[in-house]
Amino acid sequence: MGRMTFVLRRLLQLVPVAVGVTIIVFFMIHLIPGDPARTILGIHATPRAVALLHREWGLNRPLVSQYWLFLDRLLHGNLGLSLFYGGPASSLILSHLPPTLWVITYASVLAVLISVPLAMIAASRKDGARDHVVRAVPLIGLGMPQFWLGFLLIYAFAIKLHWFPVSGYGAGFFGHLRSMFLPSLTVALALAPVVIRSLRASMLNVLGAEYVTTARSKGVPGPRLFLRHVLRNAVIPAITVLGINIGFLIGGTVIIENVFAIPGLGQLMINSIFQRDFTVVQGVTLVFAIMVILLNLLADVAYAALDPRVRFSR
Amino acid sequence: MSVIPLIPEPGAPGAYEVTTVRAEPRRARRWYTQPALLSGIVIIAIILVLATGAPLFSSYNPNAQNLNATLLGPSAHHLLGTDQLGRDTWTRLLYGLREDLRIAFIAVLFPFALGTVLGSLAGYFGSWADTVIMRLVDVVVAFPFYVLVIALVFVLGPGERSIYIAITLVGWVSYARIIRGEILVAKRQDYVLAAQSGGLGSVRIMGRHLMPNVITQAIIYSMSDIVQDMLAIVTLGYFGLGVPPPTADLGSMINDGQNFLSTHWQLTTIPGLAVVVVGLGLSLIGDGLADLLRPGQA
């Protein structure tokens with residue numbers, strides 16, 4: 001199977017998932033107790049405003065035609081009007097997208113930089129003291145509230161040591177790099193336990209492979225063996241692990257943006273919740289799901305590009 | 001897997017005796033010799049005693065304000081000091097733990113049940129049931145966990161009931177995947193084929209024959225799921241979407257404390273530390289259970 005066919009096939013598989021996602025996001029209106037328009041607009045809403053929202057969402061039509069209306073607008077890039085600001089929700093979402101993408105990318109890079117060496121240390125001597133220490137990390141890390149970890153880092157590195165700003169997005173490339181180090185580190189640290197666990201397992205797998213034994217018997221020195229033979233083959237699974245956990249990564253970003261006051265989609269989501277801006281919450285939820293789907297696809301494609309066995313085995 | 005050979009009885013030709021031969025003796029390891037499991041149980045037991053017996057370990061009311069004693073440091077009267085409204089932090093910590101643990105332990109039951117039922121249907125019947133349920137799983141996992149939980153709780157309105165509904169709707173997928181995978185393997189085994197050829201109904205086979213064999217994995221997973229639910233509850237509390245105030249909740253305690261981070265760091269750190277300890281205890285139990293229930297696989 002060629003590379004293009006593989007990508008096309010994966011794209012086609014995504015269509016039903018994407019449709020399902022829009023159905024769930026659409027149904028969010030109908031989970032609102034009572035008359036959704038009245039509940040959202042609050043008790044002081046004028047009958048006219050309620051009627052307007054009814055018309056906008058087509059609430060008096062049958063459910064299926066409401067969904068078609070929603071889908072039709074969606075395909076035209078229309079996520080509805082923000083109930084708080086009045087402008088289109090889509091432009092609000094677009095303007096908040098860059099900081100979120102920054103944090104996601106930055107955190108992924110940091111997660112790899114943290115996980116790969118630790119997993120290597122653990123795998124290099126299985127069941128040794130260092131292995132036990134590295135394996136204990138997830139026990140503590142997985143039970144840690146991310147926003148709380150963020151506060152610890154703020155306290156240590158921003159308030160006490162003044163190495164990084166307490167909050168904000170920063171200006172310019174290097175400003176972003178500095179301002180968003182702590183938030184990205186928080187997300188990366190939360191993600192690292194999961195990545196370390198699977199990387200360690202896949203490295204142990206590679207270490208048992210015949211080509212490693214061959215290299216060893218040829219007398220390839222330890223460090224070189226690890227870098228050239230083991231790491232190269234173990235990093236590919238790491239990409240898959242990152243792909244699988246992309247939802248976790250994005251969820252962490254949503255929370256952390258609020259702790260560090262980064263003007264991204266996560267902050268937009270929580271602010272919109274407090275402003276009871278239903279359309280924006282709905283839109284952000286949809287965009288996050290689409291992001292997960294696309295990044296998953298990206299991870300799959302990267303995996304196929306790096307490992308030719310994937311393309312031919314399906 | 002146990003092997004069941006049919007050996008002819010030497011005395012009476014034609015009569016068969018069924019003997020069960022264990023493939024290999026299990027490593028005899030009692031639960032109390034399992035260090036991970038034991039330390040996890042001790043941690044959780046201590047926390048449960050402290051949380052359920054909260055009134056015994058503190059003489060204060062968790063919501064009683066005392067504006068003459070705000071933001072005090074630790075002392076003999078106030079073990080962990082007081083918050084910005086003069087409420088005793090130690091007391092609120094105990095009551096907050098009690099509230100969050102109660103919700104987390106209840107919240108894990110619904111996705112466990114729903115996911116187990118849907119996962120067994122998908123795994124046992126296959127065909128369209130499998131397709132529909134697994135497509136649904138694909139759709140739900142496309143949403144980041146926190147995004148969907150936060151959005152659902154917002155839509156349903158803050159409060160305990162919404163937390164249960166949101167966690168159920170999002171959390172069932174992991175159980176469904178685990179149980180389906182286990183059933184796919186188990187349903188090809190001899191004891192299931194025997195039950196099927198004996199004419200037993202599907203419900204009976206799933207409930208009485210398959211379930212005891214496949215539920216282990218789900219139970220092991222539920223330990224880390226309680227941790228995840230607890231984190232979700234604390235996070236919702238932090239955003240003001242959890243248990244409504246003034247009820248003590250670890251998330252809202254952290255939120256209250258964040259304004260005083262530079263001067264009173266203990267208000268933020270202590271409630272989070274409590275969550276970490278709970279998470280550690282439950283993870284240890286989960287790891288220990290995994291070692292105990294599926295030896296050789298860990």
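**Close-up 1. The side of chain B that touches chain A in the predicted model.** In this predicted model, 37 residues of chain B are in contact with 36 residues of chain A. On the chain B side, the elements that each give two or more residues are helix H5 (127-141), helix H6 (145-156), helix H9 (202-238) and helix H11 (266-293). Of these elements, H11(B) provides the largest share, 10 residues, of the side that touches chain A. Sorted by residue class, the side of chain B that touches chain A consists of 25 nonpolar residues, 10 polar residues and two charged residues.

**Close-up 2. A:His162 in the loop between helix H7 and helix H8 of chain A.** The loop that holds A:His162 runs between helix H7 (146-160) and helix H8 (172-179) of chain A. The phi angle of A:His162 is near 60°, which is a positive value in a residue other than glycine. A:His162 is classed as exposed because 9 other C-beta atoms lie within 10 Å, and the limit for this class is 12 or fewer.

**Close-up 3. A:Ala261 in the loop between helix H12 and helix H13 of chain A.** Although A:Ala261 is not a glycine, its phi is positive, at about 50°. With 13 other C-beta atoms within 10 Å, A:Ala261 is partly exposed, because this count falls between the limit of 12 or fewer for an exposed residue and that of 20 or more for a buried one.

Definitions and conventions: Residues numbered from 1 in each chain as written. Chains lettered and ligands numbered in written order. Predicted model: local features only at pLDDT ≥ 70, side-chain atom pairs only at ≥ 80, totals over all residues. Contact = placed C-beta atoms within 7 Å. Helix = DSSP H or I, 4+ residues; strand = E, 2+ residues; numbered from the N terminus. Nonpolar A, V, L, I, M, F, W, Y, C, P; charged D, E, K, R; others polar.
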